[in-house]
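Dear colleague,

Please find below the structure I wished to hand over to you. My notes on it follow directly after the sequence and the coordinates.

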Amino acid sequence: MRPVSMVILAVAATLLGSCTVEVVDGPPPGPPPGRPQFCTQEHAPVCGVRGDRRSTFPNACMADRAGYRILHRGECQAGRPPDRGPQACTREYRPVCAVRGSTRRTFPNACEADSQGFRILHPGECRPSAPDRPQACTMEYRPVCATRSGRLRTFGNACQANAEGWRIVRPGQC
């Protein structure tokens, strides 16, 4: 054999010997089923949420591909509820306890809470935490209608209703 032929044969043997096959068990790589395969590079930022985590994405497709639900257009901003614009909610009564910053509040349903930028803590009304000390209220008579656990009750004033852990529905009697 010629020396050039031997070199070519040696190179070919080395290349063939270095080839490997990788077997991967489990689901194929890529986005989960039902998610977009490819997204454009369009720059139209959105704020998305998955569980308690918020993240800004370059566009809605990329947020969806990562498994995030889109909250609003624009970047996520800490400490400030997003500008959601008008949002239509049903009038169903399925109370939820929600929080924004240090404010805890009961809403008639999850849509109402979400539309005002609150994060839902749990289904049902917010339970008042036990006050460190008794709350003193005046005896001023300015009746309010308040609700708790689906019941309505009239209180002499807003302070009395709040002190007992009721949520004020409207001024005046029930």
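Which pattern do the disulfides of the protein follow, with bonded cysteines counted along the chain? The pattern is 1-3, 2-4, 5-7, 6-8, 9-11, 10-12. Please bear in mind that this is a predicted model.

Disulfides

The sulfur atoms of Cys 89 and Cys 111 are joined at an S to S distance of 2.0 Å. The torsion about this S-S bond is about -75°, and the disulfide is therefore left-handed. Cys 89 belongs to the loop between strand S3 (69–73) and strand S4 (96–100), while Cys 111 belongs to helix H3 (residues 110–115), so the bond ties together parts that lie 22 residues apart in sequence. Cys 89 is partly exposed, because its relative accessible area of 23% falls between the limits of 20% for buried and 50% for exposed. Cys 111 is likewise partly exposed, with a relative accessible area of 23%.

A disulfide also joins Cys 97 to Cys 126, again with 2.0 Å from S to S. Here the torsion about the S-S bond is about 105°, so this disulfide is right-handed. It links distant parts of the chain, with Cys 97 in strand S4 and Cys 126 in the loop between strand S6 (119–123) and S7, 29 residues apart. Are these two cysteines, Cys 97 and Cys 126, buried or exposed? Both are buried.

Cys 137 and Cys 159 form a further disulfide, in which the sulfur atoms are 2.0 Å apart. With a torsion of about -75° about the S-S bond, the disulfide of Cys 137 and Cys 159 is left-handed. Cys 137 is found in the loop between S6 and S7 and Cys 159 in helix H4 (residues 158–163), so that distant parts of the chain, 22 residues apart, are linked. Cys 137 is partly exposed at a relative accessible area of 24%, and Cys 159 also counts as partly exposed, at 24% relative accessibility.

Strand S1 (residues 46–50) is mostly covered, as 4 of its 5 residues are buried. S1 runs antiparallel to strand S2 (residues 53–57), and 5 bridges join the two. Within this pairing, Cys 47 has Thr 56 in S2 as its bridge partner. The hairpin of S1 and S2 has 2 residues between the strands, and Gly 51 takes a positive phi near 65° in this hairpin. S1 also pairs with S3, in the antiparallel sense and over 4 bridges. In that pairing, the bridge partner of Gly 48 is Ile 70 in S3.

The sheet of S7, S8 and S9

In what order do the 3 strands of the open sheet that contains S7 lie? The order is S8-S7-S9, with antiparallel pairing. Strand S8 (151–155) and strand S9 (167–171) are the edge strands, each of which pairs on one side only. Neighbouring strands of this sheet are turned by 30° against each other on average, direction ignored. Strand S7 (residues 144–148) is joined to S8 by 5 bridges, and the two run antiparallel. Among the paired residues there, Thr 147 has Leu 152 in S8 as its bridge partner.

With kind regards

Definitions and conventions:
Residues numbered from 1 in each chain as written. Predicted model: local features only at pLDDT ≥ 70, side-chain atom pairs only at ≥ 80, totals over all residues. Heavy atoms only, no water. Pairing = 2+ DSSP bridges. Axes fitted to C-alpha atoms, helices over the stretch in contact; angles between N-to-C directions. Disulfide = S-S within 2.5 Å. Buried < 20%, exposed > 50% of the residue type's maximum accessible area, 1.4 Å probe, protein only.
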